[in-house]
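Hello,

Here is the structure I promised to pass on to you. Have a look at it first, and then read on for my notes.

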Amino acid sequence: MLKLHGIKMSNYYSLAKAALLEKGIDFEEVNDPPSQDENFLTKSPMGKVPALQTEEGFVSESFAIIEYLETIQPEPALLPADPFARAKCIELCRHAELDVELVARRCLPAAFFGATASEETQKSTQKDLAKGIKAVSRLISDGEFATGDTFTAADLYIFYSFGLSGQIAQKMFGENILADAPAIAGLIERLSSRASIQAVSA
Ligand SMILES: N[C@@H](CCC(=O)N[C@@H](CS)C(=O)NCC(=O)O)C(=O)O
């Protein structure tokens, strides 16, 4: 059986867990915190979670995990079959992670762990975050889900990237990152009642 290694407070672990639940694949959870220990690095070379343990070995990086799950169990699909629609879905996943979540993370140690973020870091984070949010706003559909009328991996990336980023921005800048992004706010609201996401949050 597949084993998902990581910690429940990680948004990427939550994302991978929600993907497994969406697929209806049996899996076990292994509480395994991020670490730079040699043993952990053999599972996840950057020492990050999640890592998925398969019969053939470990896979790190949430998107690689989703791709793997999609291949071993194509239905229900988390990535569209049509090549262009698939590329657009992945484009949205990447922008949510790289241009929203990773930008906000620059201030994560200051927001939650008592570190200091320089004025310059705070300014560039706020500026780049606004840019990333606009990019996601431009790309999301006006349908029920991020890419249209079907739930995809893009919904997972948006839900879990914006969740953490919103908390960081609120703490650091007293800012609601969704104030000028009503379509994303509406999507996240709808997604929060999705069974897989509710099960992960429980
Ligand atoms: N790009 C990675 C990001 C994973 C990630 O950043 N995980 C965080 C927890 S949410 C982590 O393990 N951080 C520990 C560290 O950075 O050393 C993915 O998609 O899986």
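The domain bounds used below come from an automatic or database domain assignment. By that assignment, the chain splits into domain 1 (2–72) and domain 2 (83–201). Please keep in mind that this is a predicted model.

**The two domains**

Taken over C-alpha atoms, the centres of domain 1 and domain 2 lie 21 Å apart.

**The chain as a whole**

You will find 9 helices and 4 strands, and along the sequence they follow the pattern β-α-β-α-β-β-α-α-α-α-α-α-α. The radius of gyration is 17 Å, close to the 17 Å that the globule rule gives for 202 residues, so the chain is as compact as a globular protein of that length. The C-alpha trace spans about 45 × 45 × 30 Å along its principal axes. Of the 202 residues, 37% count as buried. Among contacts with a separation of 6 or more, 68% are between residues 24 or more positions apart.

**Around the ligand**

Which residues surround the ligand? They are Ser10, Asn11, Tyr12, Pro34, Gly47, Lys48, Val49, Pro50, Glu61, Ser62 and Phe63. Sorted by class, this shell has 5 nonpolar, 4 polar and 2 charged residues.

Val49 and Pro50 are joined by a cis peptide bond, with omega about 10 degrees, and Pro50 sits in the loop between helix H2 (38–41) and strand S3 (51–54). Glu61 has a phi near 75 degrees, a positive value in a residue other than glycine. Glu61 belongs to the loop between strand S4 (57–60) and H3. With 18 other C-beta atoms within 10 Å, Glu61 is partly exposed.

Away from that list, another cis peptide bond joins Glu75 and Pro76, with omega about -10 degrees. Pro76 is in the loop between H3 and H4.

Helix H4 (residues 83–105) has 23 residues and reaches 31 Å from its first C-alpha to its last, close to the 33 Å expected at 1.5 Å a residue. Its buried residues include Cys89, Leu92, Cys93, His95, Glu97 and Glu101. The buried residues of H4 pack against H3, helix H6 (119–139) and helix H7 (153–173).

In helix H5 (residues 108–112) you will come across Ala111. Is Ala111 buried or exposed? Ala111 counts as buried, because it has 20 C-beta neighbours inside 10 Å. Leaving aside neighbours within four places in sequence, Ala111 is in contact with Ile168, Lys171 and Met172.

Terms used
Residues are numbered from 1 along each chain as its sequence is written. This is a predicted model: local features need pLDDT of at least 70, side-chain atom pairs count only at pLDDT 80 or more; totals for chains, interfaces and linings use all residues. A residue is near a molecule or strand if its C-beta atom, placed from the backbone, lies within 6 Å of it. Ala, Val, Leu, Ile, Met, Phe, Trp, Tyr, Cys and Pro count as nonpolar, Asp, Glu, Lys and Arg as charged, and the others, Gly among them, as polar. Helices (H or I, at least four residues) and strands (E, at least two) are DSSP runs, numbered from the N terminus. The radius of gyration is taken over C-alpha atoms; the globule rule is 2.2 Å times the number of residues to the power 0.38. A residue is buried if 20 or more other C-beta atoms lie within 10 Å of its own, exposed if 12 or fewer, and partly exposed in between; C-beta atoms are placed from the backbone. Two residues are in contact if their C-beta atoms, placed from the backbone, lie within 7 Å. The expected span of a helix is 1.5 Å times one less than its number of residues.
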